[in-house]
Amino acid sequence: MTRTVMDPEERRRELLACAMRLFAEEGYDNVSVRAVARAAGVAPGLAYHYFDSKERLFAEAIEDYACRCAEGVCEILDERDLPLDERLERALELGAGGGYPYAAFFHAEGHGALHDRLSLAMCEAVRPHLRAALEADAASRGAPAPDANELAAIMTYGAVGLASGLGMPDGAATAVARRYLRALLAEFRSGGAAD
């Protein structure tokens, strides 16, 4: 086997992507760190250098996959040339639209806990971007944003809960998420006058 020298972080990402593919294709019980190393064309010792156990490899593979799935949503939220309302709309449409490489694996019967784990990891990836977008929106209006972090959490976890369940995409659930995101944004912009 010809040895290819690669940046350590690039090698780590390659192993995570390979692991996620194998876990999705073959199931957790049928994949080992050695199998991932073999599929990636590296020595098992190198794979163990990055991941000391199959459990850690799996956890990090899901985390990495969640970040990759959330990239498009984060890019939309970071786009400062669009109004926040439009960014939220686009982010919701992209997030609820499906098209993720291993969606069938995470939506398979009996994988509810894995789906929830992925959804939570995606929320954690998206939330800081939404918080920054809320803060920028408030600053553009000359308003404070003391609750931006909490609102970002409510909006992110709520939208994912409504718009990414089993059997997705579901237009009705996405419409409900859209309606409540608009209401929360309107309340945020009003300064919480109803307190």
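Modeller: I start with E60, which touches R12, L16 and F51 when residues up to four places away in sequence are left aside. This is a predicted model, and what follows should be read as such. E60 is found in helix α4. With a relative accessible area of 17%, E60 is buried, because that value falls under the 20% cut-off. One of its neighbours is also a polar partner: the side chain of E60 makes a polar contact with the side chain of R12, at 2.4 Å.

The next step out is the packing of two helices. α1 and α4 pack with their axes 8 Å apart, at an angle of about 95°. α1 is therefore roughly perpendicular to α4. On the α1 side, the contact is made by R12, L16, A17, A19, M20 and F23. On the α4 side, the residues are K54, L57, F58, E60, A61, I62, D64, Y65 and R68. By class, the contact of α1 with α4 has 10 nonpolar and five charged residues, and no polar ones. E60 and R12 both belong to this contact, and their side chains make the polar contact given above.

Then the nonpolar surroundings. The largest nonpolar core has 30 residues, and M20, V36, L57 and F106 are those with the most contacts inside it. At least two residues of this core come from each of α1 (8–26), α2 (33–40), α3 (44–50), α4 (54–78), α6 (103–107) and α7 (112–140). A second, separate core has 24 residues, including I76, L77, L92 and L134. As a general point, nonpolar side chains tend to be buried together in soluble globular proteins.

Leaving out residues up to four places away in sequence, V36 touches L15, C18, A19, L22, V31 and L57. V36 is one of the buried residues of α2, together with V33, A35, A37 and A40. These buried residues pack against α1, α3 and α4. Just after α2, G41 takes a positive phi of about 75°.

The C-alpha atoms of R117 and A66 are separated by 9.3 Å, although the two residues are 51 residues apart along the chain. R117 has a relative accessible area of 37%, so R117 counts as partly exposed, whereas E60 is buried at 17%.

Last, the chain as background. There are nine helices and zero strands, which read along the sequence as α-α-α-α-α-α-α-α-α. Of the 195 residues, 39% count as buried, and E60 is buried too. Among contacts between residues at least 6 apart in sequence, 65% join residues at least 24 apart. Along its principal axes, the C-alpha trace spans about 65 × 35 × 25 Å.

Technical notes
Residues numbered from 1 in each chain as written. Predicted model: local features only at pLDDT ≥ 70, side-chain atom pairs only at ≥ 80, totals over all residues. Heavy atoms only, no water. Core = buried A, V, L, I, M, F, W, Y, C linked by side-chain atoms within 4.5 Å. Buried < 20%, exposed > 50% of the residue type's maximum accessible area, 1.4 Å probe, protein only. Helix = DSSP H or I, 4+ residues; strand = E, 2+ residues; numbered from the N terminus. Contact = heavy atoms within 4.5 Å. Polar contact = N/O pair within 3.5 Å; in protein donor to acceptor, adjacent residues only side chain to side chain. Axes fitted to C-alpha atoms, helices over the stretch in contact; angles between N-to-C directions. Parallel < 35°, antiparallel > 145°, perpendicular 65-115°, else oblique. Nonpolar A, V, L, I, M, F, W, Y, C, P; charged D, E, K, R; others polar.
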